[in-house]
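Me: I'd like to go through this model with you. Could we start with the DNA side and then turn to one of the strands?

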There are 2 protein chains.
Amino acid sequence: MAQSEPLYRQIAADLREQIRGGQLKAGDRLPTEAELREQYGVSRNTVRLAFAQLQNEGMITSTQGRGTIVREQVITTYHASWAESRDRMSSDQVDAFHAEQAAQGHKSAYRDFEMRIVPASPELAERLTVDEGDSLVSRSFVRQVDGEPSSLQDSYYPMDIAQECGLLTPHDVAGGAIRAMAAKGHVEIGYVDEVTTRMPRPDESRKLGLGIGTPVLVYVRTTYSDTRPLRLTLTIFAGDRNRLVYELGDISGYHGQNGYAS
Amino acid sequence: MAQSEPLYRQIAADLREQIRGGQLKAGDRLPTEAELREQYGVSRNTVRLAFAQLQNEGMITSTQGRGTIVREQVITTYHASWAESRDRMSSDQVDAFHAEQAAQGHKSAYRDFEMRIVPASPELAERLTVDEGDSLVSRSFVRQVDGEPSSLQDSYYPMDIAQECGLLTPHDVAGGAIRAMAAKGHVEIGYVDEVTTRMPRPDESRKLGLGIGTPVLVYVRTTYSDTRPLRLTLTIFAGDRNRLVYELGDISGYHGQNGYAS
DNA sequence: TTCCAAAAGTTGTCCCAACAAATGGTCTCA
DNA sequence: TGAGACCATTTGTTGGGACAACTTTTGGAA
């Protein structure tokens with residue numbers, strides 16, 4: 001490995017891989033601290049640091065006297081809202097974001113643009129109604145606000161739509177992807193947003209420049225035409241620097257703009 | 001203090017109080033590990049455990065060679081949605097929640113109901129358009145799903161509305177508060193939702209039974225009539241067990257119901 | 001067989017020590 | 001004056017040890 005990577009992080013990475021890869025499933029017991037101490041030839045202190053890191057990521061749980069197990073994540077859905085809406089104006093998300101940030105006096109930019117072709121995971125396949133393993137076009141970038149990284153955005157398109165609408169380019173699409181799709185008859189008529197939270201993974205933490213102990217907002221928007229899902233956008237927001245606001249109904253004034261602490 | 005409370009937690013609690021109380025402000029340097037070791041007469045390891053806990057709460061940041069400082073939290077707003085909606089059906093949030101959970105096959109209940117009269121904080125005052133320090137009626141409870149605590153809900157009403165609508169009772173209001181207000185002419189016509197995330201405070205962690213490393217979703221809904229804000233609802237969701245979903249536009253089918261991991 | 005006590009196993013707390021790495025300031029020398 | 005070397009300070013990493021607290025298993029006694 002990298003000779004500069006601390007031991008406890010290497011151990012944490014190993015265990016994380018085993019959990020991610022399925023060798024260790026939810027509810028399974030991890031090796032005891034003593035066993036890992038033996039196995040890696042390190043002190044118990046170092047093993048405990050590795051455990052602490054995984055605990056902070058919400059992946060494992062230790063119980064005194066019993067051992068350490070892989071956590072299982074069961075989540076229930078709270079259907080917060082449903083609304084009929086029409087007449088959306090600048091449908092392009094990037095433009096809309098830019099405009100709003102500018103209105104708030106912030107400078108928005110994006111970098112590290114990347115286009116990849118990836119197989120559909122079960123979650124992606126379900127939401128885009130394609131088969132698991134089907135090729136999807138991923139277009140991702142890092143969004144910056146006032147020079148600081150603010151969120152990681154990753155959009156997935158079904159391959160046939162991406163080809164038809166010229167989304168296989170390794171750079172930004174002029175006018176935005178939504179407009180390019182609309183020009184070919186794939187018109188957005190609505191979307192479903194899913195919002196949840198978790199601790200960031202190390203690479204996310206690095207890209208977003210997050211301090212230890214900062215969670216992220218995981219935000220998934222599935223966009224639909226009248227016949228099929230057009231796109232899935234996965235956005236990882238730095239939890240300490242972002243807030244999502246939904247206005248529903250016919251509100252006139254009121255809404256404050258500043259932070260909510262307690 | 002309690003003789004059973006671990007040293008590192010006592011130290012963490014002391015520092016947390018100093019930050020909360022304002023003796024240590026954002027950007028200030030904390031005492032060095034060596035100083036705290038001296039001051040409390042403990043080992044450096046114990047001080048580091050205390051620091052680790054505060055780091056996981058997102059309150060402080062340590063930098064090698066420089067020291068440890070109190071973090072400052074600046075957040076920007078992302079206006080994710082705007083929509084005109086009408087014909088909402090069961091407007092009462094509690095009932096709506098119950099119904100949805102039942103539809104998903106879960107048993108929803110609530111406990112520890114509490115009614116208090118509290119002065120308006122700056123954030124509450126701004127959103128409810130009252131003066132800071134004005135009396136508000138707080139009605140809070142713990143929501144349970146399948147016997148597990150799922151979220152902490154706390155609703156704030158302007159005093160005059162609460163009096164008029166009989167919300168000063170220390171128990172549940174038959175038919176729901178929204179219906180009671182509507183009966184007196186305070187009809188809900190829309191709301192603004194704000195969603196963000198952070199690490200839980202110790203009391204929240206305890207009430208929700210959260211494991212270490214589990215963040216919470218902070219969800220603020222401000223409800224409006226055609227003339228004024230009626231209510232502000234602050235909900236703390238256990239981040240590992242909840243998800244918010246917003247449907248916007250005219251969608252027919254599609255949307256999946258299961259967890260989103262990556 | 002049943003129940004209770006003891007033992008073994010495992011994580012939690014706490015101490016001590018040493019060196020590495022990064023930062024910020026000082027001091028010297030060109 | 002300016003640049004670079006050096007040093008003190010501070011946190012990061014890693015090792016070692018001891019006992020406490022809690023859970024599970026085991027074994028013996030009734």
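Me: By class, how many nonpolar, polar and charged residues does the surface near DNA strand C have?
Reply: The surface near DNA strand C has four nonpolar, 13 polar and seven charged residues, where Ala, Val, Leu, Ile, Met, Phe, Trp, Tyr, Cys and Pro count as nonpolar, Asp, Glu, Lys and Arg as charged, and the others, Gly among them, as polar. This is a predicted model, in which local features need pLDDT of at least 70 and side-chain atom pairs count only at pLDDT 80 or more, while totals for chains, interfaces and linings use all residues. Residues are numbered from 1 along each chain as its sequence is written, chains are lettered from A and ligands numbered from 1 in the order in which they are written, and side-chain values use heavy atoms, with hydrogens and water left out.

Me: What does R44(A) have its polar side-chain atom close to, and at how many Å?
Reply: A polar side-chain atom of R44(A) lies 2.8 Å from a base nitrogen of DNA strand C, a polar contact being a pair of N or O atoms within 3.5 Å; within protein, one must be able to donate a hydrogen and the other to accept it, and residues adjacent in sequence count only if both atoms are side-chain atoms. In chain B, a polar side-chain atom of T46(B) lies 2.5 Å from a phosphate oxygen of DNA strand C.

Me: And DNA strand D, where does the backbone of L7(A) come in?
Reply: A backbone N or O atom of L7(A) lies 2.5 Å from a phosphate oxygen of DNA strand D, and a polar backbone atom of S43(A) is 3.0 Å from a phosphate oxygen of DNA strand D. Of the atoms of DNA strand D within 4 Å of the protein, 71% belong to sugar or phosphate and the rest to bases.

Me: Switching topic: is β8(A) mostly covered or open?
Reply: Strand β8(A), residues 216-224, is mostly covered, with nine of its nine residues buried, meaning under 20% relative accessible area, as against exposed over 50% and partly exposed in between (1.4 Å probe, protein chains only). Strands here are DSSP runs (E, at least two residues), as are helices (H or I, at least four), numbered from the N terminus.

Me: Which strands are joined to β8(A) by bridges?
Reply: Nine bridges join β7(A), residues 190-198, to β8(A), running antiparallel, and nine join β8(A) to β9(A), residues 229-238, also antiparallel; two strands pair if DSSP finds at least two bridges between them. Strands β8(A) and β9(A) form a hairpin with four residues between them.

Methods:
A residue is near a molecule or strand if one of its heavy atoms lies within 4 Å of it.
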